[in-house]
Amino acid sequence: LKSKTNKRMHVLIVAILMSSTVMAASMDDLKKWFKDDDTDNSGLISIPEFEESYKAFFGENNRQFYNDVYKKYDEDKNLGLDLREFARYVMDEQWEALDLDKSGTITKQEAESHYMRTYGRTNDRLVNTFFTHYDKNKDGIVTKAETGHND
């Protein structure tokens, strides 16, 4: 699934790169974003709600993208993303933004390159915090399994 990196993902990536208590901070952000997008308070983000949020960030309408997202992430096929499904979507997008070579792993060089490309500067402390937290086997490479995020 290809899509543009959005402002939400940048905030989430910064939270991940800045915090050693990443999952708690990230989940708070995810819950807020979910609540903001679930405009009818149904506990699900419908395709029209997702479409409205996407258009607000990108100024474009991409129905094929919306359909692709729901086809992949709406696991129970109820035409809405619950918080768990939404979190999986955001985490996949976040992973895709950091995994620049699409190898399925994230190296320090990729994290630094992403940070430079996105923010115009690097921050070794933040990148090192990310790797200290997630590189469980200390091999200099972060895998999805090490983050607790699996497909």
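Author: Let's start with burial: a residue is buried when its relative accessible area is under 20%, exposed when it is over 50%, and partly exposed in between (1.4 Å probe, protein chains only). This is a predicted model, in which local features need pLDDT of at least 70, side-chain atom pairs count only at pLDDT 80 or more, and totals for chains, interfaces and linings use all residues. Residues are numbered from 1 along each chain as its sequence is written, and side-chain values use heavy atoms, with hydrogens and water left out.

Reader: Thanks! How many of the residues of the protein chain count as buried?

Author: Of 151 residues, 43% are buried. Tyr54 is one of the buried residues, with a relative accessible area of 7%.

Reader: And how many helices and strands does the protein chain have?

Author: Helices (H or I, at least four residues) and strands (E, at least two) are DSSP runs, numbered from the N terminus. Here the protein chain has eight helices and four strands. Read from the N terminus, the order is α-α-β-α-α-β-α-β-α-α-β-α.

Reader: Now the aromatic rings. How is a pair of aromatic rings described?

Author: By two quantities: the distance of the centres and the angle of the planes. Rings of Phe, Tyr and Trp (its six-membered ring) pair if their centres lie within 6.5 Å; planes under 30 degrees apart are stacked, over 60 edge-to-face, and the rest tilted. This structure holds ten aromatic pairs. In one of them, the ring centres of Tyr54 and Phe65 are 4.8 Å apart with planes at 35°, so this pair is tilted. Tyr54 sits in helix H3 (residues 47–58) and Phe65 in helix H4 (residues 63–73), so to speak distant parts of the chain, eleven residues apart. Phe65 is buried as well, at 4% relative accessibility.

Reader: What are the distance of the centres and the angle of the planes for Tyr54 and Tyr66?

Author: Their centres are 5.4 Å apart and their planes stand at 85°, so this pair is edge-to-face. It again links distant parts of the chain, Tyr54 in H3 and Tyr66 in H4, twelve residues apart. Tyr66 is buried, with a relative accessible area of 1%. Ring pairs also join these residues into a cluster: Phe34, Phe50, Tyr54, Phe65, Tyr66, Tyr70, Tyr73, Phe86 and Tyr89.

Reader: At what angle do H3 and H4 pack?

Author: Axes are lines fitted to C-alpha atoms, for helices over the stretch in contact, and angles run from 0 to 180 degrees between N-to-C directions. H3 and H4 pack at about 130°, with their axes 10 Å apart. Contact means heavy atoms within 4.5 Å. On the H3 side, Ile47, Phe50, Glu51, Tyr54 and Lys55 meet Arg63, Phe65, Tyr66, Asn67, Val69 and Tyr70 of H4.

Reader: At what angle do helix H6 and helix H7 cross?

Author: Helix H6 (residues 108–119) and helix H7 (residues 124–134) cross at roughly 135°, and their axes come within 10 Å. H6 is therefore oblique to H7. Lys108, Ala111, Glu112 and Tyr115 in H6 meet Asp124, Leu126, Val127, Asn128 and Phe131 in H7.

Reader: How many residues has the largest nonpolar core?

Author: In soluble globular proteins, nonpolar side chains tend to be buried together. A nonpolar core is a set of buried Ala, Val, Leu, Ile, Met, Phe, Trp, Tyr and Cys residues joined through side-chain atoms within 4.5 Å. The largest one here has 17 residues, and Ile45, Phe50, Phe65, Val69, Leu81, Phe86 and Tyr89 have the most contacts inside it. Helix H2 (22–37), H3, H4 and helix H5 (83–98) each supply at least two residues of this core. H4 gives the most, five residues. A second, separate core has nine residues, including Trp95, Leu98, Phe130 and Phe131.

Reader: Last one: what is the phi of Leu79?

Author: Most residues other than glycine have a negative phi. Leu79 has a positive value, near 65°. Leu79 lies in the loop between H4 and strand E2 (80–81) and is exposed, at 61% relative accessibility. Lys102, also not a glycine, has a positive phi of about 55°. Lys102 is in the loop between H5 and strand E3 (105–107) and is partly exposed, at 42% relative accessibility.

Methods:
Parallel < 35°, antiparallel > 145°, perpendicular 65-115°, else oblique.
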